[in-house]
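Please work through the exercises below with the sequence and the 3D structure open beside you. Each task is followed by a solution that goes step by step.

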Amino acid sequence: MIEALRLLQARMTGAGPPPETVTETAETLEKLAAALEPFTVPEAAQIVGHRTDLPGRGQAMAPPVHIEEWDEEHVLGHVTFSRFYLGGNGAVHGGAIPLAFDEVMGRLANTGRPRARTAYLHVNYRKITPVGSRLRVEARFEREEGRKRILAGALVDGETVVADAEGLFVTLKPGQP
Ligand SMILES: CCCCCCCCCCCC(=O)SCCNC(=O)CCNC(=O)[C@H](O)C(C)(C)COP(=O)(O)OP(=O)(O)OC[C@H]1O[C@@H](n2cnc3c(N)ncnc32)[C@H](O)[C@@H]1OP(=O)(O)O
């Protein structure tokens with residue numbers, strides 16, 4: 001279902017269909033939304049965002065990062081931004097790149113350590129990030145200062161770093177959501 005939605009997002013973004021196809025597609029999507037409505041559940045019971053075995057935890061909003069290596073100190077993976085993530089002129093939207101970093105660095109920050117949340121994410125856009133290219137995603141745990149965890153991340157196209165990031169993750173105190 002989530003993969004099908006990702007495909008739909010990419011195809012819809014890239015499509016210039018005639019009006020009758022637009023109308024037909026809208027009706028079909030409205031029918032699908034209505035079919036799912038009776039199955040609305042509390043957050044803890046939903047599928048999306050809870051499937052750590054799926055790219056982006058099954059969130060169709062998150063870029064589909066495929067993880068190859070994972071431990072408490074580093075993550076290595078790859079991602080291909082589909083047409084859905086297009087900003088313009090073949091470049092990935094600047095807002096989609098922090099999504100990928102937050103997902104990967106947030107999960108790394110929370111691996112083997114008490115729960116933490118993102119306090120800041122500083123992203124440097126070094127080069128255009130191309131839509132449709134397989135990119136390497138790297139993240140590493142840099143250091144810990146009291147409740148603060150500092151992580152670094154990079155998005156690499158071949159040998160070229162297209163974006164890098166520093167993230168601050170703060171350990172939650174009891175009772176913090
Ligand atoms: C397998 C697992 C799956 C897990 C799956 C999870 C994967 C996804 C994870 C994604 C993670 C997210 O996106 S989380 C969603 C986005 N983030 C949020 O919504 C967080 C909203 N913000 C907050 O809740 C809060 O600001 C906190 C919890 C981050 C911090 O508040 P606090 O607890 O009151 O702490 P506070 O005293 O302010 O700060 C503690 C220390 O950090 C510093 N500090 C705090 N914020 C900043 C900042 N922006 N820039 C610089 N420094 C800062 C303070 O100066 C202080 O330093 P010093 O004086 O001690 O030196």
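This is a predicted model: local features need pLDDT of at least 70, side-chain atom pairs count only at pLDDT 80 or more; totals for chains, interfaces and linings use all residues.

**Exercise 1. Describe the order of helices and strands in the protein, and its overall extent.**

Solution. Begin by counting the elements, which gives three helices and eight strands. Next, take the box filled by the C-alpha atoms along the principal axes, which is roughly 60 × 40 × 25 Å. Finally, turn to burial and contacts: buried residues make up 21% of the 177 residues, and among contacts between residues at least 6 apart in sequence, 59% join residues at least 24 apart.

**Exercise 2. Work out what span helix H2 should have at 1.5 Å a residue, and how many of its residues are buried.**

Solution. Helix H2 covers residues 19-36, so its 18 residues should span 26 Å at 1.5 Å a residue. The end C-alpha atoms of H2 are 26 Å apart, which agrees with that expectation. For burial, a residue needs 20 or more other C-beta atoms within 10 Å of its own, and the count of buried residues in H2 is zero, which leaves this helix hardly covered.

**Exercise 3. Repeat the span check for H3, and find which residues of H3 are buried and what they pack against.**

Solution. The 14 residues of H3 should span 20 Å at 1.5 Å a residue, and the end C-alpha atoms are 20 Å apart, in agreement. The buried residues of H3 are Ile97, Ala100, Phe101, Glu103, Val104, Met105, Leu108 and Ala109. In reading such a list, recall that an α-helix has 3.6 residues a turn, so residues three or four places apart point the same way. The buried residues of H3 pack against S2, strand S4 (91-92), S5, S6, S7 and S8.

**Exercise 4. Identify the residues that touch the most other members of the largest nonpolar core, and the elements that supply this core.**

Solution. Of the 26 residues in this core, Ala100, Val104, Met105, Leu108, Val137, Leu151 and Leu155 touch the most other members. Strand S2 (74-80), H3, S6, strand S7 (148-157) and S8 each supply at least two core residues, and the largest share, seven residues, comes from H3. To see one member in detail, leave aside the neighbours of Met105 within four places in sequence; Met105 is then in contact with Ala139, Leu151, Gly153, Ala165 and Gly167.

**Exercise 5. Characterise the shell of residues around the ligand.**

Solution. Of the 19 residues around the ligand, Gly106, Arg117, Ala119, Tyr120 and Val170 come nearest. Helix H3 (96-109), strand S5 (116-125) and strand S8 (160-171) each supply at least two residues of the shell. Sorted by type, the shell divides into five nonpolar, seven polar and seven charged residues.

**Exercise 6. Locate Arg57 and Asn89, and decide for each whether it is exposed or partly exposed.**

Solution. Arg57 is in the loop between H2 and strand S1 (66-70), and has a positive phi of about 55° although it is not a glycine. With 17 C-beta neighbours inside 10 Å, Arg57 counts as partly exposed. Asn89 lies in the loop between strand S3 (86-88) and S4, and its phi, near 55°, is likewise positive in a residue other than glycine. Asn89 has 7 other C-beta atoms within 10 Å and is therefore exposed.

Key
Residues are numbered from 1 along each chain as its sequence is written. Helices (H or I, at least four residues) and strands (E, at least two) are DSSP runs, numbered from the N terminus. The expected span of a helix is 1.5 Å times one less than its number of residues. A residue is buried if 20 or more other C-beta atoms lie within 10 Å of its own, exposed if 12 or fewer, and partly exposed in between; C-beta atoms are placed from the backbone. A residue is near a molecule or strand if its C-beta atom, placed from the backbone, lies within 6 Å of it. Ala, Val, Leu, Ile, Met, Phe, Trp, Tyr, Cys and Pro count as nonpolar, Asp, Glu, Lys and Arg as charged, and the others, Gly among them, as polar. A nonpolar core is a set of buried Ala, Val, Leu, Ile, Met, Phe, Trp, Tyr and Cys residues joined through C-beta atoms within 7 Å. Two residues are in contact if their C-beta atoms, placed from the backbone, lie within 7 Å.
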